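Take a look at the model below.

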Amino acid sequence: MDAHHRRIFRLVNRLVQERDRHSDRETVAEAIGEMIKYSSDHLTAEESMLREIDFPGLDGHVQLHKAFRSSVGTMVLRSLESDPPSLGEVLEFLHNWWTNHILVEDMKYRDLALTSRGESP
Ligand SMILES: [Fe+2]
Ligand SMILES: [Fe+2]
């Protein structure tokens, strides 16, 4: 999962760069699309792994992922309607959510995941 998390941080950083470069809408939309797709795959993979290791906080963790998916869904819907979120807003959300989620919430299963693989935490 660490490799996934590094990739997510890279995708978020790429979005920040695209913003700073004032990239065109298409480039930004593509970067956001890749971020959403990769995030979704990651959350699904992580949930399977947490089930495998019997993580006691599974239900709560899945709820956090669900809330993320729902926020992303709302942003996508708004983009299609009359109230599109600004790139700044999308970035702030993604940056804050992932930073907290990876550094705080995902850390809660880390020791168990390592121990389950026979590695010392
Ligand atoms: Fe994660
Ligand atoms: Fe997670």
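Start with Ser 71, which is partly exposed because 13 other C-beta atoms lie within 10 Å. A residue is buried if 20 or more other C-beta atoms lie within 10 Å of its own, exposed if 12 or fewer, and partly exposed in between; the C-beta atoms are placed from the backbone. Ser 71 sits in helix H3.

A word on the source. This is a predicted model, in which local features need pLDDT of at least 70 and side-chain atom pairs count only at pLDDT 80 or more, while totals for chains, interfaces and linings use all residues. Residues are numbered from 1 along each chain as its sequence is written, and chains are lettered from A and ligands numbered from 1 in the order in which they are written.

Now step back. The chain has five helices and zero strands. Helices (H or I, at least four residues) and strands (E, at least two) are DSSP runs, numbered from the N terminus. The C-alpha atoms fill a box of roughly 50 × 25 × 20 Å, taken along the principal axes. Buried residues make up 11% of the 121 residues.

Which helix does H3 pack against? Helix H3 (residues 58–80) packs with helix H4 (residues 87–105). Their axes are 12 Å apart, at an angle of about 170 degrees. Axes are lines fitted to C-alpha atoms, for helices over the stretch in contact, and angles run from 0 to 180 degrees between N-to-C directions. The angle therefore makes H3 roughly antiparallel to H4 (over 145 degrees).

Ser 71 belongs to this contact, among the H3 residues that also include Leu 64 and Phe 68. H4 contributes residues including Phe 93 and Trp 97. Two residues are in contact if their C-beta atoms, placed from the backbone, lie within 7 Å. By class, the H3–H4 contact has six nonpolar, three polar and one charged residues. Here Ala, Val, Leu, Ile, Met, Phe, Trp, Tyr, Cys and Pro count as nonpolar, Asp, Glu, Lys and Arg as charged, and the others, Gly among them, as polar.

Finally, visit two loops. His 22 lies between helix H1 (2–20) and helix H2 (25–52). Its phi is near 55 degrees, a positive value in a residue other than glycine. His 22 counts as exposed, because it has 8 C-beta neighbours inside 10 Å. Asp 54 lies in the loop between H2 and H3. Phi of Asp 54 is also near 55 degrees. With 9 C-beta neighbours inside 10 Å, Asp 54 counts as exposed.

Note on methods
Parallel < 35°, antiparallel > 145°, perpendicular 65-115°, else oblique.
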